[in-house]
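Thanks for coming. I will go through one structure today, starting with a ring pair and ending with the cavities.

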Amino acid sequence: MGTTPHQVRRADPPTDDTDDARRRLLAGVPVSDRRLELAAIPTAVLEGGDGPPMVLLHGSGEFAALWLRVAGDLVAGGHRVVAPDLPGHGASGIPPGPLDTGRALAWLGELLERTCPAPPTLVGRGLGGALAARFAAGHGDRLERLVLVGSLGLAPFDPAPSFGLAMQRFAEAPTAATRDGLFRQCFTDLDGLAGQLGERWTALAGYALDRARTPAMGAALAGLLPELGLPAIPPAELDRIPVPTTLIWGRQDLQVRLAVAEAASARHGWPLRVIDHAGDDPPLEQPKAFLAALRAATVATAGGAGR
């Protein structure tokens with residue numbers, strides 16, 4: 001992940017290879033890929049399906065297409081799926097002014113207003129989880145429920161040393177080798193996952209490396225990580241979340257370790273669903289188990305406002 005600020009306002013122009021990789025990633029996924037202007041941020045949004053809306057926020061340094069292994073099932077299951085590229089990520093740009101927590105919260109509010117006909121289930125991973133939790137604390141009346149997946153913000157950022165080292169190496173020199181070194185910390189079986197995805201894996205890995213090298217990504221992470229992703233959200237703020245909240249965690253998550261989720265579950269009374277053989281991205285690595293956990297969380301909280 002890059003953390004050097006850059007003066008860039010729009011999304012970095014994609015190359016033909018970048019566009020092709022994005023198309024290959026989304027081939028067969030029942031979503032449209034459209035562009036919206038949200039809080040002065042040009043935003044790429046994947047949308048598909050009808051029914052109760054579910055908004056999916058990805059993690060830092062990533063992009064919405066990483067939900068590809070679960071989006072189709074959610075659409076088939078009767079959900080309207082909305083998955084944006086976070087500001088500066090994927091095909092989204094950054095605003096003309098500072099990209100800070102306030103701007104990110106305004107961006108999310110406008111996204112919900114423009115894409116959700118009813119209060120959605122808000123699902124956030126990593127950095128997207130920290131943003132989702134802060135939004136829920138201040139605007140819980142606009143949500144149906146909250147699901148946090150390997151979320152940042154529940155404790156000060158303290159990854160496993162091996163993850164931290166791989167992340168630093170990739171940030172300093174984003175190459176195929178350092179990317180794969182970080183991927184091996186993110187997933188329990190990188191080779192197995194690559195084999196399952198086949199040609200899609202080639203597109204995913206290439207797109208991830210291309211986007212990591214963009215000034216917009218560096219600017220986004222420099223703006224959002226220091227105050228949104230890395231520090232802990234005060235427990236009193238999390239206590240203000242009024243909607244049913246569930247935690248879903250990979251047992252082998254090295255970025256935000258399971259102990260963080262266990263402590264948050266005990267502190268706030270949030271149910272915790274643990275997925276075996278998964279690191280920090282259960283939807284990509286264990287999609288069936290993730291979907292089962294998400295459905296269980298939805299059924300368990302349907303019709304209720306308590307936690």
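Is Phe-187 buried or exposed? Phe-187 is buried, at a relative accessible area of 8%; buried means under 20% relative accessible area, exposed over 50%, and partly exposed in between, with a 1.4 Å probe and protein chains only.

Some ground rules. This is a predicted model, where local features need pLDDT of at least 70, side-chain atom pairs count only at pLDDT 80 or more, and totals for chains, interfaces and linings use all residues. Residues are numbered from 1 along each chain as its sequence is written, and side-chain values use heavy atoms, with hydrogens and water left out.

There are 5 aromatic pairs in the structure. Rings of Phe, Tyr and Trp (its six-membered ring) pair if their centres lie within 6.5 Å; planes under 30 degrees apart count as stacked, over 60 as edge-to-face, the rest as tilted. Phe-187 and Trp-201 have ring centres 6.2 Å apart and planes at 75 degrees, so this pair is edge-to-face. Trp-201 is also buried, at 11% relative accessibility.

Now the cavities. A cavity is a set of points on a 1 Å grid over the protein atoms alone where a 1.4 Å probe fits but cannot get out; lining residues have an atom within 4 Å of a point. What is the volume of the largest cavity? About 340 Å³, the volume being the space filled by probe spheres set on the points, which are joined across faces, edges and corners. Its lining has 27 residues, and Phe-183 is among those that lie nearest the centre.

Conventions
On a 1 Å grid over the protein atoms alone, a cavity is a set of points where a 1.4 Å probe fits but cannot get out, and a pocket is an open set with protein on both sides within 12 Å along at least five of seven lines; lining residues have an atom within 4 Å of a point.
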